[in-house]
Structure formats: structure tokens, C-alpha cells
Amino acid sequence: MAVQTVASTTNSAAASTASDSASPSTVDLGPAAALSCRECGHRVPLGPVFACEECFGPLEIAYDFSAYDAEELRGRIEAGPANIWRYAPLLPVPADVAGKPNLNPGWTKLVQADNLARELGVEAGKLFVKDDSGNPTHSFKDRVVAQALEAARAFGFTTLSCSSTGNLAGAVGAAAARAGFRSCVFIPHDLEQGKVVMAAVYGGELVGIEGNYDDVNRFCSELIGDPAGEGWGFVNVNLRPYYAEGSKTLAYEICEQLGWRLPDQIVVPIASGSQLTKIDKGLQELIKLGLVEDRPYKIFGAQAEGCSPVSAAFKAGHDVVRPQKPDTIAKSLAIGNPADGPYVLDIARRTGGAVEDVNDEQVVDAIKLLARTEGIFAETAGGVTVGVTRKLIESGALDPSLTTVVLNTGDGLKTLDAVAGTGLTATIRPSLESFREAGLV
Ligand SMILES: *Cc1c(COP(=O)(O)O)cnc(C)c1O
Ligand SMILES: [Zn+2]
């Protein structure tokens with residue numbers, strides 16, 4: 001395959017199988033050694049492929065971490081930049097990645113949420129919010145796009161694309177602008193205005209599809225197989241194995257920010273389920289590398305009731321996830337047929353966690369609760385995790401005496417409609433008399 005040698009021959013980049021990939025020596029993605037099938041373990045060279053040619057299982061990055069010494073690695077990470085590239089030795093990126101044009105996301109705040117803890121009945125000092133609204137395009141998606149961008153560069157793609165529930169479109173548009181790629185992204189036509197503007201402003205092409213996310217995704221799979229999509233890197237389709245690794249950085253940061261300790265419990269939102277499965281992968285890697293102590297942790301998944309296929313399967317004791325037609329205000333999580341659903345079920349059950357859902361009214365209440373207790377304005381996905389945390393504490397599934405991290409993965413400014421009706425306390429004339437009349441003193 002010509003693409004992996006020089007960047008100017010990009011038109012043949014969209015390989016559909018790995019069998020014709022160039023030798024791995026032409027692709028420098030740091031410690032990434034190969035792609036390996038999550039189902040059958042079949043290995044193929046690094047390339048823009050995502051499904052196993054033997055069993056159609058999802059491909060994941062296999063690493064060579066054998067040379068690492070825990071103390072040396074910890075020191076190297078701590079001396080690294082205040083963004084995800086401090087973890088470059090654990091990611092599929094070249095060693096000099098921090099010097100390339102990239103949005104450099106990550107190292108977001110881990111907020112000790114004592115006011116929220118008090119409201120939820122959690123022991124003081126034990127509840128934390130990992131606030132990923134602080135990323136360059138105000139969602140966790142900048143982490144995964146940064147990885148996909150490096151893979152796109154390595155494979156010689158010049159157009160970045162994706163199917164998106166909103167946040168991904170903005171993250172791809174911004175990363176492409178910064179790195180000098182063309183971008184063309186696809187979203188359901190009826191997304192929130194904040195997400196549409198956020199995706200369009202970076203100057204790439206933004207296409208609304210008449211249908212829901214699952215229709216958008218199906219369309220993109222078709223485009224990849226068509227000559228029209230040649231040379232395109234779809235961050236969450238043909239670059240998915242690389243993209244997905246970005247979520248590991250959430251696990252790394254949470255542990256490092258807790259002083260190289262595992263949290264006891266983590267509450268993670270579920271759209272496709274990729275983020276949750278890779279947070280687990282990241283924690284497992286830290287344990288194996290000796291960077292944290294090996295002790296049990298529980299992972300909890302959070303969905304909105306109007307799109308809760310994984311939660312429904314968990315509660316019914318099923319191993320398979322029955323697709324749903326989404327109908328919820330939590331549009332960033334509205335994937336009715338989540339690719340990683342079965343793996344999420346495995347992880348929740350293996351770690352002793354759970355998958356739970358809350359309705360739209362509870363999502364809105366939780367957004368307001370987080371805002372008024374901690375000064376964090378979350379998008380609907382953050383309302384889902386905070387709402388589910390509250391529900392899990394009430395049901396006894398989540399232990400309020402243990403260290404718990406709740407993810408906020410996006411910014412409330414993108415989903416203003418969810419809190420419509422929140423507004424002025426009073427409108428007064430510019431006089432003290434009028435102020436007094438309003439009953440505020
Ligand atoms: C995409 C997204 C997620 C998680 O997505 P997965 O597909 O499960 O990895 C969570 N929160 C927000 C705000 C998102 O945009
Ligand atoms: Zn396989």
C-alpha cells in the first residue's frame with residue numbers, strides 16, 4: 001500500500017483490510033506494535049483498519065511496554081507537558097508528538113466536590129468530578145481525536161471525517177484546522193444549535209443527515225467502502241482503534257491526580273461504550289506497569305432512560321444489547337446500537353459495578369445540582385452521570401464512604417436548551433427603590 005510511505009500519495013489510503021499494509025517499520029506510532037483482535041487475538045500490522053479479517057471482531061492496539069521501569073516511567077510522565085502527551089509512552093503516537101500541530105487536550109481538573117458530596121450523602125473528601133469541559137472544544141472528544149489525528153498523519157490521510165452525535169464534529173473540525181487537514185463531518189440534522197455552530201465555525205464541511213446517529217454511522221460505513229471516501233480518515237470508523245486509545249488518558253489522569261492511586265468507584269457515561277472500556281484498559285495498564293497498587297475498583301455506566309440499551313441489558317442479566325430508537329435530551333449519548341455495549345456489560349459485571357439510567361427530568365435536575373454546588377456547568381451527558389450517581393447511592397449500589405470519581409464530559413453552553421427557563425431573578429428599574437420592591441433585600 002503506497003500510502004504509508006509518503007504523504008503525497010494519499011488517494012489509496014482507505015484500505016479495507018490490513019493484509020496489504022506496508023511493513024510496520026514505515027509507521028512510527030511509538031510503543032504501538034500491531035493491531036490485535038479483541039475476540040480472537042489475530043494480529044495484523046498497524047494500518048487504517050478496524051475489523052478482524054478472521055472473525056470481524058474489533059481491532060485494538062497491542063503495545064510493547066516491555067522496556068519500561070515503573071519508577072523511570074513515572075518520573076518521565078511527571079516531567080512531561082500538562083496535556084495528554086505526558087502519557088505518550090503509553091499511546092499510539094510518535095515520541096515527538098508534543099511538537100506537532102495538535103490541540104494538546106487533557107490534564108483537565110479533578111475537582112474535589114465537597115458541596116456535591118454533602119448533597120448526595122458522600123463522605124467529605126471522597127467525591128471528585130473529572131471535568132472534561134475544560135478541553136479545547138469543551139468535551140472529552142478532543143482526547144480521542146488527538147490520537148486519531150496522529151494516526152491519520154502516519155497513514156498519509158489528508159481529510160479527517162467522522163459520524164458524530166455533536167461533540168465529535170467540533171473536535172474533528174478544530175483539530176483538522178490546527179493540523180492543516182481538510183475536514184468533512186456528518187451529524188444528525190436535528191442537533192442542538194450550540195453543537196452545530198461549534199462544529200461549523202472551524203471552517204470545515206458539516207453535513208446534516210436526515211436520520212439519527214445510527215443512520216449517520218451506517219452512511220459513513222458505506223462511504224468508506226466507496227471510491228468517494230478514498231483517502232479519508234474517519235476518526236471513529238477506520239481509525240477507531242487509535243481514536244479509542246485516547247480515552248485511556250482519562251484513567252491515567254485520574255490516577256495521577258489522586259496521587260498515583262486507583263479510585264474505588266468511577267461513574268462513566270455511555271454512548272458507544274468506547275470510553276468506558278478504554279478507561280478500564282487504562283487502569284489495567286497502570287496496574288500491570290506497577291504505577292498504581294493492584295486493588296479492586298468498580299466501574300459504573302450511565303445512560304439516559306430515552307437511550308438506555310446497555311442499562312436495559314444489564315438489568316435484565318443479558319449479554320447482548322438490544323438496539324433502541326433514541327429519544328432523549330442527552331443527544332451526545334444517543335447511540336441506540338452501541339458497538340462496545342457487550343464489553344461494557346462485561347466490565348460492569350467483572351468489577352462489581354452496574355449500569356443505570358435516569359430520565360430527562362433527572363438529567364436537568366442533576367445539571368442544576370452540579371452547577372449550584374460546584375460551579376460546574378455540565379452538558380446533558382454530565383447531568384446523566386451526576387443523576388445516575390445520585391440514583392446509585394440511593395439504591396446502595398455505590399458506596400458513599402469510598403473514593404468516587406464522576407465524569408463530566410462536556411460543557412453546558414452547548415446544550416443551553418436543556419436548562420431553558422433558567423434566567424432572570426427579577427427585572428427592575430435602575431433604582432434602589434425598585435430593587436427593594438423586588439424583595440431581594
Ligand atoms: C462521545 C461522548 C461520550 C462517550 O462516548 P462513547 O462513544 O461511549 O465513547 C460521553 N460524553 C460526551 C459528552 C460525548 O460527546
Ligand atoms: Zn478476530
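**Ground rules.** Before reading any sheet, I settled what pairing means here: two strands pair if DSSP finds at least two bridges between them. I also kept in mind that this is a predicted model.

I then checked how β1 (residues 32–37) meets β2, and the two pair in the antiparallel sense over 2 bridges.

**Overall form.** Next I stepped back to the whole protein, which has 14 helices and 13 strands. The radius of gyration is 22 Å, close to the 22 Å that the globule rule gives for 441 residues, so the protein is as compact as a globular protein of that length. I also looked up the box filled by the C-alpha atoms, and along the principal axes it is roughly 75 × 45 × 45 Å. Of the 441 residues, 54% count as buried. Among contacts with a separation of 6 or more, 68% are between residues 24 or more positions apart.

**The core.** Which residues touch the most other members of the largest nonpolar core? I got Ala148, Val172, Ala175, Val268, Phe300 and Leu333, out of 129 residues in that core. Helix α3 (residues 141–155) gives the largest share of it, 9 residues. A general point I noted beside this: nonpolar side chains tend to be buried together in soluble globular proteins.

Leaving out residues up to four places away in sequence, alanine 148 touches Gly233, Val235, Leu239, Tyr242 and Tyr243.

**Leucine 160.** This residue sits in strand β6 (residues 159–163). I asked myself: is leucine 160 buried or exposed? Leucine 160 has 27 other C-beta atoms within 10 Å, and 20 or more makes a residue buried, so leucine 160 is buried. Its contacts beyond four places in sequence are Leu149, Ala152, Val172, Ala175, Ala176, Phe181, Ser183, Gly233 and Val235. I looked up one of these pairs by distance: the C-alpha atoms of leucine 160 and glycine 233 are 5.0 Å apart, although 73 residues separate them along the chain.

**Strand β13.** I wanted to know how many residues of strand β13 (residues 404–408) are buried. The count is 5 of the 5, so β13 is largely enclosed by the rest of the structure. Both faces are covered, with Thr404, Val406 and Asn408 buried on one side and Val405 and Leu407 on the other.

I then looked up its neighbours. Strand β5 (residues 127–131) runs parallel to β13 and is joined to it by 5 bridges, and lysine 130 has leucine 407 as its bridge partner there. Strand β10 (residues 265–269) also pairs with β13 in the parallel sense, over 3 bridges. In that pairing, isoleucine 266 stands opposite valine 405.

**Helix α10.** In α10 (residues 309–316), I listed Pro309, Val310, Ser311, Ala313 and Phe314 as the buried residues. They pack against β11 (298–304), α11 (341–351) and β12 (355–358). Just after the helix, glycine 317 takes a positive phi of about 75 degrees.

**Positive phi elsewhere.** Most residues other than glycine have a negative phi, and I flagged two exceptions.

- Phenylalanine 56 has phi near 65 degrees and lies in the loop between β2 and β3. Phenylalanine 56 is exposed, with 10 other C-beta atoms within 10 Å.
- Asparagine 104 has a phi of about 50 degrees and is found in the loop between α1 (70–78) and β4 (109–112). Asparagine 104 is partly exposed, with 19 other C-beta atoms within 10 Å.

**Ligand 1.** Last, I looked at what surrounds the ligand. There are 17 residues around ligand 1, and the closest are Ala271, Ser272, Gln275, Thr409 and Gly410. Sorted by class, this shell has 9 polar, 6 nonpolar and 2 charged residues.

Key
Residues numbered from 1 in each chain as written. Chains lettered and ligands numbered in written order. Predicted model: local features only at pLDDT ≥ 70, side-chain atom pairs only at ≥ 80, totals over all residues. Near = placed C-beta within 6 Å. Nonpolar A, V, L, I, M, F, W, Y, C, P; charged D, E, K, R; others polar. Helix = DSSP H or I, 4+ residues; strand = E, 2+ residues; numbered from the N terminus. Rg over C-alpha atoms; globule rule 2.2 N^0.38 Å. Buried ≥ 20, exposed ≤ 12 C-beta atoms within 10 Å, placed from the backbone. Contact = placed C-beta atoms within 7 Å. Core = buried A, V, L, I, M, F, W, Y, C linked by C-beta atoms within 7 Å.
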